Amino acid sequence: MFDYGVSGYRPAWLTDRSAITAAHGRRLALLAGRRLTRALLVWDLDEDAWFADGLVLLGFEGEQVEIVHTKFDEISITWNTVDPAQPLDWAGEGFRLAWREGAFSELAALQGQQLQAVELLEWVEDDMAEGTLSVGFAFPDDWVTIYNALDENGMEFGVPDHRYTRHKLGG
C-alpha cells in the first residue's frame with residue numbers, strides 16, 4: 001500500500017457518503033467548537049508549490065485530521081497517525097518535499113478561529129466529477145473545502161459551490 005511519503009501511513013479509502021459518515025461523521029462533527037491550531041500541506045521545495053498529491057493535515061486542539069484524495073472518487077480520512085516532524089519520501093522518486101504551514105494566506109488566516117461546522121459535500125453537476133465527496137469546514141470568517149481534483153487534492157475558500165449538495169455532520 002502506498003504511504004504518501006509518510007513512513008507507516010495507511011490510507012483508509014472510502015467512496016460512499018454513508019460509509020464516510022459511519023466511519024468519521026461523529027468524530028468530524030465533534031471538531032466543531034475547537035480552534036484550528038495548525039494546517040499543514042506537503043510542499044514541493046524545488047517547484048515552490050503545493051504538492052497536491054500529498055496529505056492535508058488540520059489540527060484542532062488535540063485532534064489531527066488527515067485528508068487525501070485519489071482516483072476520481074476516493075477519499076481517505078485518518079486521525080492522529082502522521083507525525084509532521086518526520087521527513088517525507090515520495091517512494092524514492094527524488095521529490096524534495098516538506099510539510100509547510102501558512103502555505104496559503106486564506107488557510108493561515110483561519111488558524112486560531114473556532115470551527116463552526118463540518119459538512120460532507122457531494123458534487124451533483126452532470127460531469128465526470130458527479131458524486132465525488134469533499135469535506136467542508138466552516139469558520140466565522142471563511143470556509144475551506146478540501147475536494148477531489150481528479151486524482152489529487154484541491155482546496156477552495158469561500159461558501160461551497162452551489163453544485164454541491166451539503167450534508168452537515170452532527171446537530
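## A walk through the chain

You are looking at a predicted model, in which local features need pLDDT of at least 70, side-chain atom pairs count only at pLDDT 80 or more, and totals for chains, interfaces and linings use all residues. Residues are numbered from 1 along each chain as its sequence is written, and side-chain values use heavy atoms, with hydrogens and water left out.

**Zoom out.** The C-alpha atoms fill a box of roughly 45 × 35 × 25 Å along the principal axes. Of the 171 residues, 47% count as buried; buried means under 20% relative accessible area, exposed over 50% and partly exposed in between (1.4 Å probe, protein chains only).

**Select the salt bridges.** The structure holds seven, each a side-chain nitrogen of Lys or Arg within 4 Å of a carboxyl oxygen of Asp or Glu.

- Pick E122 and R17, whose closest N and O atoms are 3.6 Å apart. This pair links strand β8 (E122) with helix α1 (R17, residues 17-29), 105 residues apart.
- Pick R27 and E63, which meet at 3.0 Å, N to O. Here helix α1 (R27) is linked to strand β5 (E63), 36 residues apart. R27 is partly exposed at 34% relative accessibility, while E63 is buried at 15%.
- Pick E119 and R166, with closest N and O atoms 2.7 Å apart. E119 lies in strand β8 and R166 in strand β12 (residues 164-168), so the pair ties together parts 47 residues apart in sequence. E119 is buried at 8% relative accessible area, and R166 is partly exposed at 40%.

**Now the surface.** Which residues gather in a patch of negative charge? Select E125, D126, D127 and E130. E125 sits in the loop between β8 (117-123) and β9 (133-138) and is partly exposed, with a relative accessible area of 32%.

**Move to F72.** F72 lies in the loop between β5 (63-70) and β6 (74-79) and is partly exposed at 45% relative accessibility.

**Last stop: E74.** Look in strand β6 for E74, which is buried at 16% relative accessible area.

Technical notes:
Patch = residues over 30% accessible without salt bridge, like charges linked within 9 Å, V, L, I, M, F, W, Y side chains within 5 Å. Areas by Shrake-Rupley, 256 points an atom, 1.4 Å probe, with all protein chains shown as cover. Lys, Arg positive; Asp, Glu negative; His and termini not counted. Charge placed at Lys NZ, Arg CZ, Asp CG, Glu CD. Helix = DSSP H or I, 4+ residues; strand = E, 2+ residues; numbered from the N terminus.
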